[in-house]
Amino acid sequence: MKSKFALFLFLLSMALWAQPKVTTSVNVTKNKIGAEFKLTLKTDVDTLSKVKFPEAKNFGALEVIQSYKIDTVKNGARYELIKKYGLTQFDSGKYVIPRIPVLINGKPSFSDSIKVEVNNVKVDTLKQKMYDIKDIAIVDKPLGSWWIYLLILIAIGVIGFFIYKFIKKRQSQPKVEEIVFKSPIEKATTLLQQLEGKELWQKGEIKHYYSELTDIARNYIEEEIHIPAMESTTSELIEGLRKAAKQKKLKLSNETVENLEKVLKQADLVKFAKVKPLDFEIEEDKKRISSSIVTIHKSIPEIVEEDDELTQWNEQQKELARLQKLKKQKRVRIITTIGIVMGMLLIFVLGVAYFKGTEYLRDNILGHPTKDLVEGEWVYSEYGNPGVKVETPKVLKRIDAEKMLPKDAAAIIKEMQTFVYGSILEDFSITVSTVTYKQPMKMDLDKTAENYLNLMESQGAQNIIVKTEDFDTQQGITGKKAYGTMTVLNKIKGKSTKMYYELLLFGQDDGLQEILVMHREEDKYGQQIAERMLNSVELQTAK
């Protein structure tokens with residue numbers, strides 16, 4: 001039994017010894033205002049471990065002025081990683097470089113806290129030459145890469161504009177449709193003009209020319225006089241024309257009929273006997289056809305149709321249909337253009353997500369609230385009584401929280417001040433609260449943390465996981481830190497979010513100081529905000 005217990009202690013000690021540690025050192029512990037403290041963090045890990053050193057602008061009250069590259073020293077199958085930071089402070093006093101978390105395989109390992117001292121620089125104004133104060137120097141801010149995305153959006157907008165114009169132009173072009181003529185004579189004269197424009201016989205296509213010329217004449221006679229001219233031979237057509245002239249009392253002279261017959265016979269010779277008329281003969285045949293068609297048209301009695309209400313109504317319907325067609329075309333143009341532009345935007349977004357990753361897309365294009373807070377202008381301010389000095393990304397707003405307290409708690413409180421950014425139902429929130437009591441009392445910070453979390457549970461928090469440890473400020477004031485995760489249910493939106501929280505509690509004879517930071521569990525920017533805030537905390541002593 002004793003041997004098993006000894007073996008257990010040995011294995012436990014080996015496990016503890018095997019856990020990676022962070023060795024901390026600083027080149028000097030006393031320095032002048034503005035001089036550099038060089039902080040060194042070392043960790044010894046195996047070749048498969050992933051180590052991530054923090055990238056912060058401040059470690060406690062000391063400003064990070066330089067983050068040096070990581071040095072790697074190989075010792076057999078292990079690596080010694082060395083990370084150095086240049087720190088400074090421009091106010092004299094005693095400060096504490098707080099414990100700094102180094103992520104090793106996703107788990108934090110903390111460095112040791114180190115006390116440093118910043119001393120004033122003695123200035124002999126009698127021997128030292130004095131100079132005028134220089135003007136404020138304007139520093140050019142880096143342009144960044146946002147302009148690239150702006151140019152892409154402008155290009156997509158321009159492409160959409162030209163697509164709209166192109167569709168509009170295509171819609172405005174008249175479609176090739178069969179021309180509808182009002183009368184046979186209009187059709188015949190128009191086709192004769194088009195035939196001349198083709199210049200067929202001038203190009204040597206005499207047979208084709210005569211075929212079209214006689215077809216125009218035959219079509220006109222068939223449509224105007226209603227005899228089967230297209231299916232008849234030349235002799236049958238002439239005979240049918242003479243009979244129709246007698247029956248319908250057409251004023252056709254023998255000369256007109258004979259001229260038409262001459263042209264038709266000439267066309268037959270060209271098509272079947274391969275006869276090639278001379279140029280002047282072709283011109284004469286064209287004139288005979290034109291004259292014959294005009295003469296036949298004039299010989300037909302005119303029928304005058306009166307314009308009635310039906311004709312007017314038809315015209316109105318045509319105009320109405322035209323306007324509706326224009327509206328439909330415009331609607332099609334807009335929908336098509338929007339669809340193409342949205343498709344291009346979607347392809348652009350998917351392309352960025354594929355090549356850069358969804359996290360890059362969310363942070364740089366779609367927007368990430370806590371990333372904007374990290375990169376914005378921070379505020380270092382004091383809140384409540386006894387005062388809490390803390391650096392925050394936004395100024396906290398005061399709220400009236402005393403009404404939320406139980407009656408027994410309100411009876412012993414002299415004054416309570418609460419300052420917040422966001423709320424428990426949002427993805428990120430900050431709360432700073434100070435309490436002064438009517439009489440001095442001994443504080444049980446563990447019990448206070450439990451009561452605080454119970455209050456959060458009453459506001460909608462569920463599945464609260466709590467871990468506690470001691471926390472030291474830069475001034476060496478010891479408090480209690482409670483941290484862990486919880487599920488926050490938003491009854492309005494009907495969704496739940498898993499949140500990570502860090503709660504600092506400091507008890508004094510006459511007061512209590514509380515600091516709470518909450519963010520989504522996977523939000524790395526929220527973690528950076530919490531780390532920077534908690535490293536900047538300074539407290540006032542209750543009076």
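User: Which residue lies over the face of Tyr85?
Analyst: Lys83 does, at 5.3 Å from the ring centre; a charge counts as over a ring if NZ of Lys or CZ of Arg is within 6 Å of the ring centre and within 35 degrees of the ring normal. The model is predicted, so local features need pLDDT of at least 70 and side-chain atom pairs count only at pLDDT 80 or more, while totals for chains, interfaces and linings use all residues. Residues are numbered from 1 along each chain as its sequence is written, and side-chain values use heavy atoms, with hydrogens and water left out.

User: And where else does a Lys lie over the face of a Tyr?
Analyst: Lys481 lies over the face of Tyr483, at 5.3 Å from the ring centre.

User: OK, rings with rings: how many aromatic pairs are there?
Analyst: A search of the whole structure gives six, where rings of Phe, Tyr and Trp (its six-membered ring) pair if their centres lie within 6.5 Å, and planes under 30 degrees apart are stacked, over 60 edge-to-face and the rest tilted. Among them is Phe59 with Tyr85, which is edge-to-face because the planes stand at 80°, with the centres 5.0 Å apart. Phe59 belongs to strand β5 (residues 58–59) and Tyr85 to strand β8 (residues 78–88), so this pair ties together parts that are 26 residues apart in sequence; strands (E, at least two residues) and helices (H or I, at least four) are DSSP runs, numbered from the N terminus.

User: Are those two buried or exposed?
Analyst: Phe59 and Tyr85 are both buried, meaning under 20% relative accessible area, with exposed over 50% and partly exposed in between (1.4 Å probe, protein chains only).

User: What about Tyr383 and Phe419?
Analyst: Their rings form a tilted pair, 5.2 Å centre to centre with 55° between the planes. Tyr383 is in strand β13 (residues 379–383) and Phe419 in strand β16 (residues 413–421), so that distant parts of the chain, 36 residues apart, are linked. Tyr383 counts as buried at 4% relative accessibility, and Phe419 also counts as buried, at 10%.

User: Switching to sheets: what is the strand order in the mixed one?
Analyst: The order is β2-β12-β9, an open sheet of three strands, two strands being paired if DSSP finds at least two bridges between them. At the edges stand β2 (30–32) and β9 (93–97), each with a single partner strand, so one side of each has no neighbour in the sheet. Between β2 and strand β12 (residues 114–119) the pairing is parallel, over three bridges, and Lys30 stands opposite Glu117 in β12.

User: Which open sheet has antiparallel pairing?
Analyst: That is the three-stranded sheet β4-β10-β11, whose edge strands β4 (51–52) and β11 (107–110) each pair on one side only. Strand β10 (residues 101–104) is joined to β11 by four bridges, and the bridge partner of Val102 in β11 is Ser109.

User: What does the side chain of Asp44 contact?
Analyst: Asp44, in strand β3 (residues 37–46), makes a polar contact with the side chain of Arg78 at 2.7 Å; such a contact is a pair of N or O atoms within 3.5 Å, where within protein one must be able to donate a hydrogen and the other to accept it, and residues adjacent in sequence count only if both atoms are side-chain atoms. Asp44 is partly exposed, with a relative accessible area of 34%.

User: Last one: how many residues has the largest nonpolar core?
Analyst: It has 34 residues, a core being a set of buried Ala, Val, Leu, Ile, Met, Phe, Trp, Tyr and Cys residues joined through side-chain atoms within 4.5 Å. Those with the most contacts inside this core include Tyr209, Ile221 and Leu260, and α4 (206–225) is one of the helices that each supply at least two of its residues.
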